[in-house]
Amino acid sequence: MERCTKAIIYKENLKFNIEQIKKYVKTDVKICIAVKADSYGHNAVLTSKLAEELGIDFVAVATVEEGAELRQNGIKTDILLLSLCTPEEMPSLFEYNITPLVFSKEYIKLISDIADAFYSPATCIKTDKCDSRFPVHLAVDTGMGRIGCYPDEAGIQAKMIDSSKHLKLGGMTTHFAVSDSLKEDNKKYTAQQYDEFTKAVNNVCDMGLEPGIRSCSASAALLNDERMHFDMVRPGIITYGYYPDEITEKYLSSIGKKIEIKPVLSFETKVVAIRRIAKGKSVSYGRTWQAQNDTDIAVLPVGYADGLLRRFSPGLQVTINGKNYPVIGRICMDQCMVDIGKDNKDVKLWDRVVIFGPKECGALNTADDLAKIGDTISYEVLTSLSKRVKREIK
Ligand SMILES: *Cc1c(COP(=O)(O)O)cnc(C)c1O
């Protein structure tokens, strides 16, 4: 038994995108693919396995649990934890070999103490790692206002890490706030963040310490500015076939750059009923839509509990046999309705409906189209697909 509302992950497209990213950056630049939130809904184990096969250096998760799941599924690649965790979770960092971002005296002290406990003689017998030093990456806040120390604190905090018995500075990282924008003031802000990061790195070097793997670029800066690649780039969204906001294919070609990427996931369902709606009758909750003339509607077994956000209607179109039709009235929790027009011979019961996806699978719409309608970004459209939507790998 299989539900017709499902997401299909096109493995070849995922592989293709990773290969394109590899081609785009110089060979001595490491790549860390963001596989957080189950690879933006695309299956983190699959993505990480492919990444590993293709020689990618790191994958990045948001939670310790996500990292542990990858290890339990045999992933050997280095794993970077992009968000903070609580003291209760910290022992698992060592158990599963997950590289955390750290900053602040308290956090570094905590992790350092837990490292000491992990590498205590009692556990050493099992792990044979008594003298090991565990790499952590120092997070620097250069203007995102989220996590990280300020650039002028970087030296001292790096020193703290270095003085700890079982930790070492494996890298330094920062994150941009507006690198996906082409507005002049935003470009200036990103350049400033870059300068602040450079200052933080110099601050660490001045202490006589090696900064390790320096990284600051998510997809947008990766695509836009090679200068920002440093030792490692951290692409997420382009792995899954979408450009970050204004850093589009068209813009890139205007500055003489080219990368071809393909959407990886298609979101599909089927027509489960076709019904006549007489002129003047309404469809769905709130009666926001009324038939101007007699028409036929197709009922689809997909709704906002699947991730088809309520705010996509009105505006959303879905593709049936190569043509777009509008979703009408409110999207319900588990169902929605499409106006296919009266006596439409092109739409039959049980026909396949593609909500968004790659062109090759018959989709006319992408996650970007849905994002525009819902006043959001492809990231949110993709990560909204819920657990109820089974992922089929093709
Ligand atoms: C999510 C994330 C990335 C990847 O971002 P994309 O815009 O999807 O490429 C990189 N770095 C950090 C710190 C992140 O949180």
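The axes of helix α1 (residues 11–24) and helix α3 (residues 44–53) come within 10 Å and cross at roughly 50 degrees. That angle makes α1 oblique to α3, and the crossing of α1 past α3 is right-handed. The structure described here is a predicted model.

**Salt bridges.** A search of the whole structure finds 17 salt bridges.

| Pair | N to O distance |
|---|---|
| Lysine 109 and aspartate 113 | 2.8 Å |
| Glutamate 196 and lysine 199 | 2.8 Å |
| Aspartate 296 and arginine 276 | 2.5 Å |

Lysine 109 and aspartate 113 both belong to helix α6 (residues 105–118), where they stand 4 residues apart, about one turn of the helix. Lysine 109 is partly exposed, with a relative accessibility of 48%, and aspartate 113 is also partly exposed, at 36%. Glutamate 196 and lysine 199 are separated by about one helical turn, because they are 3 residues apart in helix α9 (residues 184–206). Glutamate 196 is partly exposed, with a relative accessible area of 25%.

The side chains of aspartate 296 and arginine 276 also meet in a salt bridge. This pair links distant parts of the chain: aspartate 296 lies in strand β14 and arginine 276 in strand β11 (residues 273–277), 20 residues apart. Aspartate 296 has a relative accessible area of 7% and is therefore buried, whereas arginine 276, at 42%, is partly exposed.

**Backbone sites.** Most residues other than glycine have a negative phi, and most peptide bonds are trans. Tyrosine 40, in helix α2 (residues 36–41), has a positive phi, near 50 degrees. With a relative accessible area of 7%, tyrosine 40 is buried. Aspartate 245 has a positive phi as well, near 45 degrees; this residue lies in the loop between β9 (232–233) and α11 (249–254) and is partly exposed, with a relative accessible area of 47%. The peptide bond from serine 313 to proline 314 is cis, with omega near 0 degrees. Proline 314 is found in the loop between β14 (295–300) and β15 (317–320).

**A nonpolar patch.** Which residues make a nonpolar surface patch of about 350 Å²? The patch is made by Val272, Ile274, Leu349 and Trp350. Tryptophan 350 lies in the loop between β17 (336–339) and β18 (352–356). Its relative accessible area is 54%, so tryptophan 350 counts as exposed, the cut-off being over 50%.

Terms used:
Residues are numbered from 1 along each chain as its sequence is written. This is a predicted model: local features need pLDDT of at least 70, side-chain atom pairs count only at pLDDT 80 or more; totals for chains, interfaces and linings use all residues. Side-chain values use heavy atoms; hydrogens and water are left out. Patches are made of residues with over 30% relative accessible area and no salt bridge: like charges are joined within 9 Å, nonpolar side chains (Val, Leu, Ile, Met, Phe, Trp, Tyr) within 5 Å. Accessible areas come from the Shrake-Rupley method with a 1.4 Å probe; for residues, only the protein chains shown count as cover. A salt bridge is a side-chain nitrogen of Lys or Arg within 4 Å of a carboxyl oxygen of Asp or Glu. Helices (H or I, at least four residues) and strands (E, at least two) are DSSP runs, numbered from the N terminus. Buried means under 20% relative accessible area, exposed over 50%, partly exposed in between (1.4 Å probe, protein chains only). Axes are lines fitted to C-alpha atoms, for helices over the stretch in contact, and angles run from 0 to 180 degrees between N-to-C directions. Angles under 35 degrees count as roughly parallel, over 145 as roughly antiparallel, 65 to 115 as roughly perpendicular and the rest as oblique. A crossing is left-handed if the near helix is turned anticlockwise from the far one by less than a right angle, and right-handed if clockwise.
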